[in-house]
Each structure stands twice: as structure tokens, then as C-alpha cells.
Amino acid sequence: MKNSLLLFSLVTVTAGVGELAFSPQMAQGAELCNYRNEIVRVSGAYVNKNEVWVTQGWWFVQPGECMTYPDNWYTYVEVDRDQTVERPHLLSEGVEAIKLCVLQDRYTFYNGETEMVCDKHDYGFSDNSMQTFYLIGAKRELIGYKQ
């Protein structure tokens, strides 16, 4: 009897974990790979459960390495404050894009959809700016010199 109860518990737990792991509601991973000879900085954005845009940064991706993130995140990529990584090919592929405020220090920022909000929250950094974030979904994006 004890072995039967243990087996039943194990099957129930395994079924529950399997359902959770393979549920269509679970986010798949998006991946950004750095094929440049310099570190790239990545900022991510998403809409939270209260329908508010949240932007966060920065993650540093070394040359030859990849970063995985939730597939419902939009991303912006730069080399440094003066060099944005151009990604216009994404628009021709039908990828969604949105302009959001980017702060140049580590940050989490809410409601950054307008320039007025971005300017109001400059925190002493004059180079905060509105930048284009792209939603690539559950795909791999290669960041190189020519797209």
C-alpha cells in the first residue's frame, strides 16, 4: 500500500511538472548573440500585468556570447552611449517595434513611452533618449556589423 501511494504521488507530481513545462502559456526563450568584436549593452522592455511599460538595463553581452531572455521582451542594443546597433532589417521582417525611454545608468523605468516623461526623469544624465525596442519573439538574433 505504501509503495502504491508513493508511486501515485510521483506520477501526479511528474504530470503536474510536465504540464507546467510544456504549457503554451509558458514563455519560450528569445536569444541575442553578439557577433561583434566589442561588448554590446542590451536593455529590455515589457508590458507588466498592470499594462504599464517597464524598461530595464543594462545587460552586457561579450563578443561571441549569447543572452537568453523571455520571448515577450522588446530589446534595444548599443555598444556605448554614442553608438546604437542598427537593426532596420527587423522592421522588414514584420517585427514589432516601439520607442521607449533609455536611461544611461543601470535602471528600471516605468511608463517611458513619451519624450516628455524621459526628459522629466533624466536623473542628471543629459544623454537619456527615446530609442527603438524590437520584439523578436522566440528566435535567435545575431548582432553583427552588417545586418
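Biologist: Let's start with the open sheet of 3 strands: what is the strand order?

Modeller: This is a predicted model. In it, the open sheet runs S4-S1-S10, and the pairing is mixed.

Biologist: Which strands stand at the edges?

Modeller: Strand S4 (66–70) and strand S10 (140–143) do. Each has a single partner strand, so one side of each has no neighbour in the sheet. From one strand to the next, the twist averages 20 degrees.

Biologist: How many bridges join S1 to S10, and do they run parallel or antiparallel?

Modeller: Strand S1, residues 29–34, is joined to S10 by 4 bridges, and the two run parallel. If you want a residue pair to look at, the bridge partner of Cys33 in S10 is Leu142.

Biologist: How many disulfides does the count come to?

Modeller: The count comes to 1 disulfide.

Biologist: And is Cys33 buried or exposed?

Modeller: Cys33 is buried, at a relative accessible area of 1%. Cys66 has a relative accessible area of 40%, which makes that residue partly exposed.

Biologist: Let's switch to S2. How many of its residues are buried?

Modeller: In S2, 6 of the 8 residues are buried, so the strand is largely enclosed by the rest of the structure.

Biologist: How does S2 pair with S3?

Modeller: They pair in the antiparallel sense, over 8 bridges. Gly44 stands opposite Gln56 in S3. S2 is also joined to strand S5 (residues 74–80) by 5 bridges, and those two run antiparallel. There, Val42 stands opposite Val77 in S5.

Biologist: What about the hairpin of S2 and S3, how many residues lie between the strands?

Modeller: There are 5 residues between the strands, and in this hairpin Glu51 takes a positive phi near 65 degrees.

Biologist: What is the phi of Asn111?

Modeller: Phi of Asn111 is near 60 degrees, again a positive value in a residue other than glycine. Asn111 is in the loop between strand S8 (107–110) and helix H3 (115–120). Its relative accessible area is 40%, so Asn111 is partly exposed.

Biologist: While we're on the backbone, is the peptide bond from Gly57 to Trp58 cis or trans?

Modeller: That peptide bond is cis, with omega near 10 degrees. Most peptide bonds are trans. Trp58 is found in strand S3, residues 53–61.

Biologist: Now a charged one. Is Arg87 buried or exposed?

Modeller: Arg87 counts as buried, at 2% relative accessibility. Its place is the loop between strand S6 (83–84) and helix H2 (89–92).

Biologist: Which side chain does the Arg87 side chain make a polar contact with?

Modeller: The side chain of Glu141, at 2.6 Å. Leaving aside neighbours within four places in sequence, Arg87 is in contact with several residues, including Leu32, Tyr76, Val77, Tyr134 and Ile143.

Biologist: Let's zoom out. How many helices and strands does the chain come to?

Modeller: It comes to 3 helices and 10 strands. Along the sequence, the pattern is α-β-β-β-β-β-β-α-β-β-α-β-β.

Biologist: What percentage of the residues in the chain is buried?

Modeller: Buried residues make up 37% of the 147 residues. The chain exposes about 9,300 Å², with carbon and sulfur atoms supplying 55% of that area.

Biologist: Last one: among contacts between residues at least 6 apart in sequence, what percentage joins residues at least 24 apart?

Modeller: For this chain, the figure is 70%.

Methods
Residues numbered from 1 in each chain as written. Predicted model: local features only at pLDDT ≥ 70, side-chain atom pairs only at ≥ 80, totals over all residues. Heavy atoms only, no water. Pairing = 2+ DSSP bridges. Axes fitted to C-alpha atoms, helices over the stretch in contact; angles between N-to-C directions. Disulfide = S-S within 2.5 Å. Buried < 20%, exposed > 50% of the residue type's maximum accessible area, 1.4 Å probe, protein only. Contact = heavy atoms within 4.5 Å. Areas by Shrake-Rupley, 256 points an atom, 1.4 Å probe, with all protein chains shown as cover. Polar contact = N/O pair within 3.5 Å; in protein donor to acceptor, adjacent residues only side chain to side chain.
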